[in-house]
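I opened the notebook on this model today.

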Amino acid sequence: MTLTTTRSRLLTGFFRDVPRTGPAADAPPVPVRAQLAAFLSSLGNHDFRWAFIGRALMVLGYFSVVGYQLYILDDHIALPDGLTPPAAMAVLTPVSMVAMAVSTVLGGLLSDRWNRRKVFVGVSAALAGLVMVVPVVSPTWTGMLVFSALNGLAFGCFMAVDTALVTLVLPRAEDAARDMGVLNIANAGPQIIAPFVASAVVTALGGYTPLFLVGGALSLIGALAILPIRSVR
C-alpha cells in the first residue's frame with residue numbers, strides 16, 4: 001500500500017461529507033440534455049470554438065500516423081539489415097520524446113518573451129503537416145529518424161503554446177474548469193478515433209502513403225483554424 005493510498009483512506013474514513021441544506025439541496029435534478037448543453041456552451045464562443053477545432057485536427061493528424069508507426073515500419077519503411085520494427089520503435093520513440101521536450105520548453109519561453117501565441121501554434125501545426133511528406137519521399141530509416149525528430153519538435157511546441165492560447169480565449173473565468181474539460185475532448189476524442197481513421201484510410205486508399213498525406217492535411221487545416229481567432233496575437 002502506498003503512502004498516497006493510505007492518506008486517501010484516512011481522509012475518506014475520518015472526514016465525512018456534510019449534507020447540503022437550503023434551496024440548493026431541494027432543487028430538482030437538472031436534465032441530462034440541459035447539463036450537456038451547459039457543458040458545451042463554451043463552443044458557442046467564436047475564439048474558443050476555433051481553438052478547439054485547431055487542437056482536435058492537430059491531435060487527430062498526429063495520432064493517426066503515430067499510432068500506426070509500428071505497422072509503417074514493418075510494411076512501408078526499408079529498415080537496415082538486422083533492425084526489426086520493434087527495435088526501430090525503441091529508437092524512434094526517444095528521438096521524438098527528446099525533441100518534444102526541447103520544443104515544449106523553448107516554444108513556451110519564446111512565446112512568453114515575444115508575447116505571441118498564434119504564430120507559434122500555426123507554424124508548429126503547419127510544420128507537423130509538412131513533415132508528413134518526409135516518409136513519403138524517403139521511406140527509409142534515415143527518413144523516419146528525420147520525421148520523428150521534426151514531428152516531435154512540432155507537436156511539443158504546439159501543445160505547449162496552444163494550451164497557453166486556450167487559456168486566453170476561455171469565455172468566462174467563472175467557467176474556466178468546465179471549459180478546460182471541454183477542451184480535453186479535443187485531446188482525448190481524436191486519440192480514440194485516430195486508429196479507426198487510419199485503418200479506413202489505409203484500407204480504402206491502399207497503403208501508408210495516403211495515411212501520411214491525410215495526417216498532414218489534417219494538421220495543415222488545424223494550422224489554418226488558428227487564423228480566425230481574434231482576441232489573441
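Where is the place of Asp162? I found Asp162 in helix H9. Helices here are DSSP runs (H or I, at least four residues), strands are E runs of at least two, and both are numbered from the N terminus.

Notes on the source. The model is predicted: local features need pLDDT of at least 70, side-chain atom pairs count only at pLDDT 80 or more, and totals for chains, interfaces and linings use all residues. Residues are numbered from 1 along each chain as its sequence is written, and side-chain values use heavy atoms, with hydrogens and water left out.

Entry: Asp162. Is Asp162 buried or exposed? It counts as buried because its relative accessibility is 0%. I used under 20% relative accessible area for buried, over 50% for exposed, and partly exposed in between (1.4 Å probe, protein chains only). Leaving aside neighbours within four places in sequence, I listed Arg55, Val121, Cys157 and Ile226 as the contacts of Asp162. Contact means heavy atoms within 4.5 Å.

Entry: the core. A nonpolar core is a set of buried Ala, Val, Leu, Ile, Met, Phe, Trp, Tyr and Cys residues joined through side-chain atoms within 4.5 Å. The largest one has 27 residues, of which Phe48, Leu165, Val169 and Ile229 touch the most other members. Helices H4 (46–66), H7 (118–130), H9 (141–168) and H10 (176–205) each give two or more residues to this core. H9 gives the most, seven residues. I also looked up Val169: not counting residues up to four places away in sequence, Val169 touches Asn45, Asp47, Phe48, Ala51, Ile229, Ser231 and Val232. A second, separate core has 19 residues, including Leu73 and Trp141.

Entry: H4. Of the 21 residues of H4, 15 are buried, so I noted the helix as mostly covered. H4 reaches 31 Å from its first C-alpha to its last, close to the 30 Å expected. The expected span is 1.5 Å times one less than the number of residues.

Entry: Ser96. Ser96 is in helix H6 (residues 85–114). I recorded Ser96 as buried because its relative accessibility is 9%. Ser96 touches Tyr62, Ser148 and Gly152, not counting residues up to four places away in sequence.

Still to look up: which element gives the largest share of the lining of the largest pocket? It is H6, with five residues.
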